[in-house]
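Colleague: Could you walk me through this one slowly? I would like to know how you use your terms as we go.

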Amino acid sequence: MTVSTKPTTAWAQVNEQGDLVIPRDVAMRYGLNPGAKVRLDEGTNFVRMHRPITQLTKIYIEPTVSCNLDCITCFRNGWNEPNGRMSDVSFEQIFESLKTLDPLPSVYFGGIGEPLVHNRTIEWIARLKQLGVSKVEMITNATLLDETRSRQLIDAGLDMLWVSIDGATPESYADVRLGAELPHVLQNLRRFDKMRKAGHFPKPEIGVAFVAMKRNIDQLPKVIKLGRSFRAKHFSVSNVQPASSDMLDERLYMHTLMDSAYLDGSKNVPRLSLPKMDINEITRDALFAAFTSGCNINLAGQNWGGASDVCNFVEGGTMSIAWDGYAAPCWALMHTHTSFLKEKQLTNQRHVIGNIAERSLLDLWLDPEYLAYRERLHNFGFAPCTFCGGCELAEGNQEDCFSNPSPVCGVCLWAQGVIQCP
Ligand code: SF4
Ligand code: SF4
Ligand code: SF4
């Protein structure tokens, strides 16, 4: 499990009783408190220790589901929910709850909607930084990132600004982000970059989120180049989750879910272990053929199947608070919406634990049913619907053929490493 992208090494030691003793600071970072239960998975030469399900490390706050754009990739194309914005009362309830937590989780402002449409978001970021939250992130389409808001975000102490860019030319960008113009967004981002304090590690860091589709995958290298022009340090690519049938042909993962390169653990699939290697005109055809050879791929010790049946929201110890104050396990369960599994339309029903108006963050997080659900997710004992996709149960997230209680996650593309958020 990881909490940061920085490579760190620590040593644990076996004591005379044969127990593994983990350094206290590492144990605290990973929520290894007395009584915590930890799942262990054996790899080729290692044991992977998952985060205990009791550790809350990150809160997603959705300021609003309103937006000034109308992107073809947007989840909102698959729902009928009214627009709404988080009230001051809900934020104060979150804030008061956060004060009681030690250590404080990190906070990410985002969800479905544009955070800068809400006129309180920047003030809330400043409040959380003053409270001592070590990492506050926000995602934006950057159309409203004018000079004033840029100054306010920098002064608020924001740590990470994610910006969604799906094309590197005005035409390809506007083809996805209806209502926005790339030159205007780039002007905003270049100004934001210059307004940050000079140095090797300017803050906030900038990250670029890219949604890959047939129509724009050729733009990815150009978007990375563009991002480097305003000193983006992180790039996060997701596939598209179609909310409507006209987006079905845009998917780039129709064979992925059954591709043996991404299957781990099947004894019938031959294994191919590859070293790191230059990727250039000499190697690219051979590597492409190897990756599509029908073998399970291990690249420099990392198995490509490691992202299957893993919910990063739960593995990451996160909880999401929707604009109306309801807490959900993830973005996918914050709102009822339609999506597609293969050619089948499915309705994902909202699943909430309770409202911040009635219960504290900790009380919601330690709700016994929610704990049991997170334990099921760690074990991922759901029916393999993304692989099978064959019956009418997969038209929703309410039941599966393994008789799991609702909601079921076998239909979820996030848990298969296909859809991801930064
Ligand atoms: S910017 Fe985000 S919330 Fe707004 S329409 Fe686009 S995808 Fe949806
Ligand atoms: S598996 Fe999918 S639906 Fe289930 S909690 Fe994780 S992200 Fe949400
Ligand atoms: S519920 Fe079972 S049979 Fe139906 S799609 Fe999922 S795995 Fe297949």
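Modeller: Let me begin with a definition: Ala, Val, Leu, Ile, Met, Phe, Trp, Tyr, Cys and Pro count as nonpolar, Asp, Glu, Lys and Arg as charged, and the others, Gly among them, as polar. This is a predicted model, where local features need pLDDT of at least 70 and side-chain atom pairs count only at pLDDT 80 or more, while totals for chains, interfaces and linings use all residues. Residues are numbered from 1 along each chain as its sequence is written, and chains are lettered from A and ligands numbered from 1 in the order in which they are written.

Colleague: OK, how many nonpolar, polar and charged residues has the shell around ligand 2?

Modeller: That shell has twelve nonpolar residues, with no polar and no charged ones. Among the residues surrounding ligand 2 are C311, F313, P329, C330 and W414, where a residue is near a molecule if its C-beta atom, placed from the backbone, lies within 6 Å of it.

Colleague: And what classes make up the shell around ligand 1?

Modeller: Around ligand 1 there are five nonpolar, four polar and three charged residues; the residues there include D70, R76 and E114.

Colleague: What about ligand 3, by class?

Modeller: The shell of ligand 3 has eight nonpolar, three polar and one charged residues, and C385, C388, G389 and D400 are among its residues.

Colleague: Switching topic, which residues of α3 are buried?

Modeller: In helix α3, which spans residues 121–131, they are T121, I122, W124, I125 and L128. Helices (H or I, at least four residues) and strands (E, at least two) are DSSP runs, numbered from the N terminus, and a residue is buried if 20 or more other C-beta atoms lie within 10 Å of its own, with C-beta atoms placed from the backbone.

Colleague: Why are they on the same side of α3?

Modeller: Because they cover an arc of only 160° around the axis, the arc being that of the directions from the helix axis to the C-beta atoms. An α-helix has 3.6 residues a turn, so residues three or four places apart point the same way.

Colleague: Last topic: in what order do the strands of the open sheet with β12 come?

Modeller: The order is β11-β12-β13, with mixed pairing, and two strands pair if DSSP finds at least two bridges between them. β11 and β12 run parallel and are joined by four bridges, whereas β12 and β13 run antiparallel with two bridges.

Terms used:
A residue is buried if 20 or more other C-beta atoms lie within 10 Å of its own, exposed if 12 or fewer, and partly exposed in between; C-beta atoms are placed from the backbone.
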